[in-house]
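Notebook open. I want to look up a few packing details here, starting with helix pairs and ending with a strand.

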Amino acid sequence: MREVDNANPSILNVSQLPSRSRKVTTPRQGPDSKCDNIVYSKRPWLCGSSSSEDEDLEEEYGEDPVDAQDIYDLISPISDPEHPHTLGQLSVVQLPDIHLTPPPAERRGDKLVTVTVDLTPTVNHCSLATVIGLAVRYRLEQTLPPNYRFDVRMKDGSHAQDDQVNKQLGDKERVAAALENDTLKGMLDKMLETCV
Amino acid sequence: MAQFKQWALEYVLADDEPVKLQLTKKAAKGKRHSTRLPYDSRASSTVVGNWAASVHQWMTLTHSNDDDQLEDEDERANGDIVSRAKALGFLAGTLEALDKTILRPDQGLTILVQRLIGFFGAMFSYDHKAGITASAKALRQLYSMKNFKPEMGIKVLEDVSKLKEDFRLQTAVTRLELYELFLSLVEDPAVSSELQHKYGSSCGFALDLLQLCSSERDPRNLMIWFKIIRRLLTEFSPSPEVTEEIFKAFSAYFPISLRSSATPIGITAEDLKEAVRNCFSSHQRVAPFAFPFLMQKLDQGDAVTVAVKVDILRTIKACIEEYENPQASVVPYIKKIWGSLKYEVRNGEVKESIDATIEVLRAIARKLDGSKTHKHEVTLLKNYIDLVFGDCKDDLSNPTYTKQAGLLLLTVVTASIKGYVFYNASFIDIIRQNLRQPKSPTHTRDLLLLVNSILKTRIELFKNRKVGHPDDEEQLRSEPRTHLVSLFHDVYLPIWTGKASESDSKESDVLKQVALGLGLLVSQQALDTKGEVSLLCSGAICFEICNLLTVTLVKPLTLSSNDNQSQDATLEDDVVLALRTIIMSYTDGYGHILKPARKEIQKRDWTGPSEYSLEALKILLSRLAFIGCSEIPTQVKSDTEPEHPYSPLRHYDAWLRTLVYLFPLSAQSLTANSYILSSLHASVIWFRDACEARYGTGALAQYSNSDKNWLAEFEQLPGTFFSQAEGQSILPDEVASSFGEDDPETYLQFLRLSLFIVRGFYKGANSEAPWSEQALVQLAQTAALVVRSLDEKLQVSCNLAREAFSLFKTSEDKPCASPLSVAEKFICDTSDLGSSPRASDIKAAVGAIYSNKYPAGPAASEEYQTLKRGLEFWTNYIKNAVRSSDIDSGSFHSFTNVAMHTVAGAVARQEKFVLDLIPILHEAAASPSPNGEIVARSMGILVQPNSEVLNKESHANIKRFYKQWAYNFLVRPLYDLARPGSDKDPKATARYSIMILSVIKNCPFTVYQDDLESLLRLLVTALSNKKDDSVLSEEAAQAQVIAALEILVDILANEPSALKGFLKEIISGTTKVYQESATSNKTLHKTLTTCRKLSLQVLGALPKTFEERYLLSFSRPTQRMLASACGDPVRKVREAARSARANWAKVV
C-alpha cells in the first residue's frame, strides 16, 4: 500500500461538528423528573379533532431555504479516501468556508444559486486533493436541484498546487471525463457510502 | 442351560440394540424365576452357573488363544474379540435387567456374587481387548446388589488396578464406566471404611488409582475423576506424602480449560474449573501444597491472563472459605497471600481481577472472624487487619493510591462486625487527618467517598446484625460512636462551608460527596444497651443538616436568572437524593424542608413571573414532591420527641397541605398555579408507585369488600376544613398512626387522602382565573388516577359514577339523581358545545369512555338502555343536523366529533347495537348538504387509536379484532357505491370514497388486505382527480389525497407487488400531487407540505421494490422532477426528495 500523505491527522469528535440539531435543549434529567412528561405535558389533552401533532409539524414543516449548514450536512459525511474518518471530522470541509450567492434570505424563485466550497486539505502536498474535490462536487450535483452551480476549490494557500487543482475541478469537461473512469468512479462511490 | 445358551447365541449374533435388550430381559426373567425359590440356594446357584456357562464357547476360545497368535490371525481374531465382547455384554446386560433384590442376602448367593466378581475382575488381568466394557458394567451391577460385601469392593479395586497402562487405551466410554464404578465404591461408607481399615493412611489403593488415571483428558471422565479425588481427600486420611501425590494428580490440570468442540457434551469450562477448585478446597490437609502452588501461579506476572488470574483468585477464595481450623490451615499463608494480592488492587487496572482479589481478602477476614456458631480467637483477625493497616495507612495520603488503599482497608475492616467495631474509629481517624491536609480536590473527594462507603457498609452490617453470631449484636451495643457523630461538625460541615461558594466542577464533585455523606450519616442507627434501635445522630444535628441542604435546594428560586448561570444541576440532584434519604429516617425533617421552601415561594411576587422564576418554581415543586412522596418513611426512635406521631402517610399529608396552602399563587399567573396541580399529580404518581413497590400490585384486593362511603364521611367535616388545613393533619392523628409502614392499609388510606384533596380542589375549581385549562387537566388526570386505583366496589359505595359528572360539587338535585340519569343527561346535552373545539374534545372524550364503560349486560337492563339511548341520540342528531342549514360548519364539526367519539367507544368493544347505527351514518355522509362531507371525513374517528382515553390502565374494554369487525360493516359495503359511474351521483361516490379512505387510514394493513384491488382503484382515482372539477371542497380533497398517500406507503411496506398493475397511474398521480401542492398557500401550508413529502416518499420507494424494466420508461421525467424537488423550501421534503432521487438514479 502507498504511504499515506498525512499519517496522523487531527480528528474532531462527531459531537464537535457543527449541526442544526444541537440547538434543541435537552429535558432535565433529575431524580425527580420521572413524571415530567406526564404532568408538564405540552399537550395535556390528547383527544379529539384538534390534531395533536400540530405543534411538532409546525416546527418541522417550516420553510427553510437551502443554507450553508445544509450544504455542510451534505458533504461533511463523505469519507476520506485515506483515513477511516469523514471530511467533516478531518476539517477538510468547514462550515465558514461554504458560501451561497445569493444568500438564502435574498433568494426568489428558481434563480441561479452558486455554491462555493473551499476545501482545506490536511497537508499542503495532499495528492488526493483533486479526488476529494471531485467527490464534493459529485455529491452536490447529485443532491441539489438543477438551478445550482458549484465552485469547489482549495482554500488559498492550503495546497502547494492549488491553482492546478482548482483548474481541474472547475473544468466541466474534465470533471465529466473523470466520472466516466470506472476506477475513479468506484473510488468516489466508496467515499460517498457514508452519506445518507 | 440350553435356553441360556440359545439366548446368548442370539445375542452375539444380533446387531440391533432393542433385540439385545429383549434377550437380556428374557435371560433376566429366566434367572428370576429360578432364584425366587425359597431357601434353595443350590438350585439358584446352578441356574446362575448355567447362565454364566452359556457364554463358555466364546470364552474358551480366548483362553486357548494367546495374544501373539491372535495377531497372526487378524481377521479371525477380530471376529473373536467382537463376539467375546458381545458374549460378556450379554452377561452384563442380564445383570442390568435383573431386579436388584433378587440375589437375596444369602450365604450361597453371596458366594455366587463373589464368584461373579472374581470372574469379571479377572477380565482386567486377561482380556484387555474385549472384556473391559462389559466387565465394568457387570461389576457396577454387582456392586448394587444386596449381596455385595465391602471386602468385595476392595477386590474390585485391586482387580481393576491391574489394568495399569492399558487403562488409557480403553475407549472414553469404557473409562467412564470404570470411573463411575470407582466413584460408587469410594462413596459407599461400608467400602470406604473397609478401605481405611485395610490401607490406613498409606492409602495404597489410592496410589494405584492415581497411577491408573494419571493421563485422563476426557472432560466427562475428568468431572468424575475430580469427584473421586475430592472424596479421597475428604473421607480418607492420607498421609502427607500420599496427599502430596494426590495433590500433584489434580493440580497438574490447573488452570484447566476446554477446547470448544463441534459436538457439545453438556460440560462447560466453568464446570471443569469448579470441579478442580473443589479438589483444591476439599480439605485443609491440602493447604501446605495448595497455597504455595496457587501463589506461585499468580506471581508469574504478565504471563497470566485475566481469566486465569480470576480462576486462581477464586480458587484461593474457595480454599480459604472451605478449610477448617484456620489457625493451622490459613494463618500461616496470610502474609504471603497479602504480599501478592495487595498489588493486584493497588496497581491493578482490570476490574474483574480487582474484584476477585477483594473477594479473597474479604474471605480471609470473615474466616478469621469465625462462623455463625463459632467465633475464633480475636487476635487472628486483629493480626490480619493490622497487617493490612500497616501497609495501606500511608497510601491514604497519596492521591494516586487513596482510592485503592481505601478499598483494601474498607474490605478487611467491614468484612465482619467485630472487625468494624475494633477498627472503624482508627480508620476514620486516619481519613480525618488526611482530610485536614488534602493534596487536591480529587483527593478530598476520594477521602470523602471512603467515609461515605464506611457509613454505607455500616448500614448494611447493622441491618444484618441478627443474621450472624449473637456476639455480633452484642458488639454493636457497645461500639464507640462519638467519632461518627462528630463527622458532621468535624468533617462535612467545614468542607461544605469552605467550598459551597465555588463553582468549579471538581469542587462540586466534593460537595456532592458531602451531600451524599450527610444523607448516609442521618440514616445511621444505633443500638442502646437495652437493644433498642434509635437514630445515631441527635435531633439537633439532623435539624442542622436538613437546614444546610435545604438552602441549596431553594437557592435557584432565590437567585435571579443572571446570578444563576450554572447549567449543571447534578449537585442539586444529589442534594435532593440526600434529603430524601434523610427524611426517610428523620421524619421531622420534611417539615423543616417544607417550611423555608414555602416561605421562599410565597415571598416572591407571582403576578408577572419571569420564565426563569417559573422554571425554578416548577423544579422546586417537583423536587419537594419527590423528596416527600417517592418512598414510605420508616419509623426510628430519635432523642427528641417527634412533632407528630409517626405515620407512613405523614410526609404525603404534609405535602398535600402545603399544596392546598399555596394554591393559588396568584390570580394572574395561571402557569404558576397549574404547576401546583402538576406537582399534586406527580406526588400521587410517586406515592402510588412507592406503595406498589412496597406492598405489591394486588395489595388492595384484601379491601375489596369495603363498602365505606368516603365522600359521605368527607361531607361530615366542617366546610372550611379543606382550605384551613394549614397546621393540622388532614388525616386525624388516631387514624394516621393506627397502621405501620408495613401495613397495606397505608395504600388504602393514601387513596382516601388523595380523593379528599382532589374533591377539595374540584369544589373550588371553575373555568376562570386562577384556574386554567392546564390546571384543570392536571386535576382531572389526578382524579382519574386516584379513582381508577380504587376497587370497583369502593367506587360504587363512594358513588363516584355520579360524582364524576357533578365534579364533587354538592347540588340540589344530588340526592335523588341516579348516576345513570346524571350521565345520560350530561351526554345528551348539546347546549354546552357551541363551536369551541376544546369543549367538543372534552365532551368527545367523556362520550367515548361512557359508551365503552357499561358491560354488555342483558338487553333489558337499565344500563344497556341508557347506553343505547345515548348512542341513538347522537347518531340521530347528526342525521338531522346534517340537513339543517342553520348549523354552520364549525358547530357541525364539534357535534360530529362528539358523536363519532361516542360511537367509537362502543365500536372498540364491538357493541352489536352499533350495526344499527352504521346505515344512518352512511346516509348522513352521503347527504347532498355540505356538512355531509364533514361526517364522511370524520368516519375514521370510529377506529382511530385513542390510547389517551381508552387504555388498559383505565380498564377500557377493547376487543382485539374490533378494527376488522368495524371494517367489515363500515367499509366493505361501500366499495361498489364509491366506484364512479355514469348512473351515479358524483358527489355521493366522492363522499363514499372519502369515508373509506378515512377509515382505512387508521387500520393496519391486515384488515384491508383482501380488498386491495378495489382499494387501489379508489386510491388511483383520489390521486388523479383534477383539482378544478372535484366535487369536494379543497380541504376535503387534500385530506383525501393525504389519506391515499398514507395508505399507499402502508401497502408499499406490506405488499408492494399489488401495485404492479397501477405503476403508471401511481407515478403520474404522485408527480401530479407533488407539482400541484408545490404552490405557496399560507392556510394550507401544512397539508400541502405533507402531500409533497408523502408523494416523494411513495415515489422513492418504487425503485427499491420493482425491477428496472417496469420503471425505465418513467425514469427521465421522474428524475428531472426529483432533481428540482431537491430545492423544495421545506427541509424535510428536500430530504425525502434526495432519498427518492438517489433511488431513481439507479434506474438507467
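At what angle do helix H21 and helix H23 of chain B pack, and how far apart are their axes? I note first that this is a predicted model. I looked up H21 (residues 378-392) and H23 (residues 417-436) of chain B: the angle is about 25°, and the axes are 10 Å apart. Angles under 35 degrees count as roughly parallel, so H21(B) is roughly parallel to H23(B). The crossing of H21(B) with H23(B) is right-handed.

Next I listed the contact residues. H21(B) contributes Val378(B), Leu381(B), Lys382(B), Ile385(B), Asp386(B) and Phe389(B). They meet residues of H23(B) including Phe422(B), Tyr423(B), Phe427(B) and Ile430(B). By class, I get eight nonpolar, two polar and three charged residues in the contact of H21(B) with H23(B).

I checked H41 (residues 819-827) against H42 (residues 837-853): their axes come within 10 Å and cross at roughly 140°. H41(B) and H42(B) are therefore oblique to each other. H41(B) passes H42(B) in a left-handed crossing. From H41(B), the contact uses Ala823(B), Glu824(B), Phe826(B) and Ile827(B). From H42(B), it uses Lys843(B), Val846(B), Gly847(B) and Tyr850(B). I count five nonpolar, one polar and two charged residues there.

Last, a strand in chain A. Which residues of E3 (residues 148-154) lie on its covered face? I found Tyr148(A), Phe150(A), Val152(A) and Met154(A). Arg149(A), Asp151(A) and Arg153(A) make up the uncovered face of E3(A). E3(A) pairs with E2 (residues 113-119) of chain A in the parallel sense, over seven bridges. Tyr148(A) in E3(A) is the bridge partner of Val113(A).

Note on methods: Residues numbered from 1 in each chain as written. Chains lettered and ligands numbered in written order. Predicted model: local features only at pLDDT ≥ 70, side-chain atom pairs only at ≥ 80, totals over all residues. Heavy atoms only, no water. Axes fitted to C-alpha atoms, helices over the stretch in contact; angles between N-to-C directions. Helix = DSSP H or I, 4+ residues; strand = E, 2+ residues; numbered from the N terminus. Parallel < 35°, antiparallel > 145°, perpendicular 65-115°, else oblique. Left-handed = near helix turned anticlockwise from the far one by under 90°. Contact = heavy atoms within 4.5 Å. Nonpolar A, V, L, I, M, F, W, Y, C, P; charged D, E, K, R; others polar. Buried < 20%, exposed > 50% of the residue type's maximum accessible area, 1.4 Å probe, protein only. Pairing = 2+ DSSP bridges.
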